[in-house]
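Thanks for making time this morning; I would like to walk you through one protein chain, beginning with the whole and then turning to two places in it.

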Amino acid sequence: MTWATLASRLATTLIWLLVGPCAAYHRAPCTTTAIRRQFQYSDCYAPSLNQSLLLSQASFVMAHDAATGYLPDPAKKDFDQAIAAYSQKKRQNNHRWTGISKDLLALYGKTQVGTVYDQLNDGARALDLRPKMYNNGTIGFHRGSLLDIPLASITLGGLLEDAKRWCKENPKELVIIFHSQMVHEVGYNGLTSKVYMEADDDAYTRNDDYLHQNYNNAQADDNSNSNNDNYDNYQPYDYQDDALQQNYYQYDQYQDDALQYQDDSQQASSYNNNNNYNNNNNNGYSYFYTGIAKMKEVYENHGVPYYPCKKLGGVTVEKAMELADLTERGGKGYLMAVDRHDVYASFCGKANRVQKQLVTCYSAHSANNDNNINSYYADPSDSYLQCTDRKATGQVKLNALQTYLKASANNDPTDNSYELGPPDDTSYYPFNQIQGFWQVDASSVQAGLLHSSTLLQDNQISQVNSEMVKMAYHGEFKSIGLFSMDNVALNGNAMFSVLRNACGQSVINETCGTALVMPQMDSSDLFWNVVLFVMGGALVAMVSIMLIQAFRLRRKEVREESMYVSGGPLMACSGSVVS
């Protein structure tokens, strides 16, 4: 640790002593070195958000697929056994997807560690949730059509209670839940029916005919498999190889297409011509899609506000916190959920997920522009570019991901879902999402399984989170609304600290950005800390030895002086002292 670093830490400590107690977040517990080193202030402190900031300009760490944190942690023995079973079935059949079961995908596809309470404590302030409605009305979660989060693990109600508990313990922090890609146990038809219910200021409806048409055309061949509990024998037709890629994100592009095709005024106008909407609305009632109506019920029962996206257009952080205030519902803290209140509970921001430019952890050398188009047909025995190979192809992967993310944040604003960049219409897209993780597709999942890896392992070995923190610290992203991360348990607090302490984001403007020390995350930092400790210990030992020697010399001099008495030395003779 350099003298400049020590001076910076001293300065931040003084600032904390002056302004910290009045407007602060203190992460608790703050007892381990690994946690403390991720914060730029002492005592795991971070200043509060600047409430005059527009919400569209505020930065939040988003836990990608937060509900997967409730999946069991993949034990290596179980994973190895599942991989062995997959490899055996693969040898029996040339089709590479034969034998990939739900259990195996659950082991591979987990993106977070711990409950949402843990994830919020690890730095997340936004939660990415993919709701699934079951026939009995229960709202659970999914991660693509081949992977459900078991209801025995978590439901929407249970997750809300975990989030509320954290908000109660940290009542100065704003937390936002984002829905997207809602599905039903029986498929699309389970979501299209409407519920006639009392409307309020949050009522928001729209016409999804265009979305319905696109979705049905693309998914007609997949619906027959949507309720199949055993995927061991699932084998799509050869010409549908790339359809499996959408098992994880099969709804994103259809939603973006529809949202690009229709703006809010067109949607409202179209819907006003259906179901005698005008008359019903004048009477204080409206129609909601089945899934939205059910989620409204759950949120109301748990005392958490649930809004359409348009409610957040153009508002400040202060106004958003008023909307999210739980004290009016008998709770404490600030928590709310948002989506478009359409049939899919669509995402409120610009996702910046352009299919042909995605960067996955694994891809064949034949892939063009790292978008894995050709790798769909690559033989599994081909060599792969690997994000985990940090000394070779991993750097190529990291460079590609960094380029993708900088385009998402720094390109000219555009509302075109096929182009990377922040949104132009921040009223319609209140948030700009930066997807700071390795994407997945059919080929990369297969390659990851063949390497006996998981998404969490890929994240950890590639050190992608620490690289993202460094980029954010050095100001390489111009527009960050939601920085989405896998495995926020690994350096999520470091990203939270960097985003919160960026100039203009917090209530502290005197010292911000790179004026603060960068969080310490890498093992190299620990190595040098150990080296400095050893050197310091050696220096202390040397000084101690020198002091001891000086003391001994001084005592010797005193003894020699005492030998001289009455002008001459004393002499010893036969045990007697004579002069």
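Predicted model: local features only at pLDDT ≥ 70, side-chain atom pairs only at ≥ 80, totals over all residues.

Residues are numbered from 1 along each chain as its sequence is written, and side-chain values use heavy atoms, with hydrogens and water left out.

The chain has 20 helices and 22 strands, these being DSSP runs numbered from the N terminus (helices H or I, at least four residues; strands E, at least two). Of its 579 residues, 54% count as buried, where buried means under 20% relative accessible area, exposed over 50%, and partly exposed in between, with a 1.4 Å probe and protein chains only. Taking contact as heavy atoms within 4.5 Å, residues 24 or more positions apart account for 78% of the contacts in the chain with a separation of 6 or more.

Now to A63, which lies in strand β3, residues 60–63. A63 counts as buried because its relative accessibility is 0%. Leaving aside neighbours within four places in sequence, A63 contacts several residues, including Q112, A126, M485 and V488. D128 is also among the contacts of A63, and the C-alpha atoms of these two, 65 residues apart along the chain, are separated by 6.0 Å.

Finally, L547 sits in helix α20, residues 523–562, and counts as exposed because its relative accessible area is 58%.
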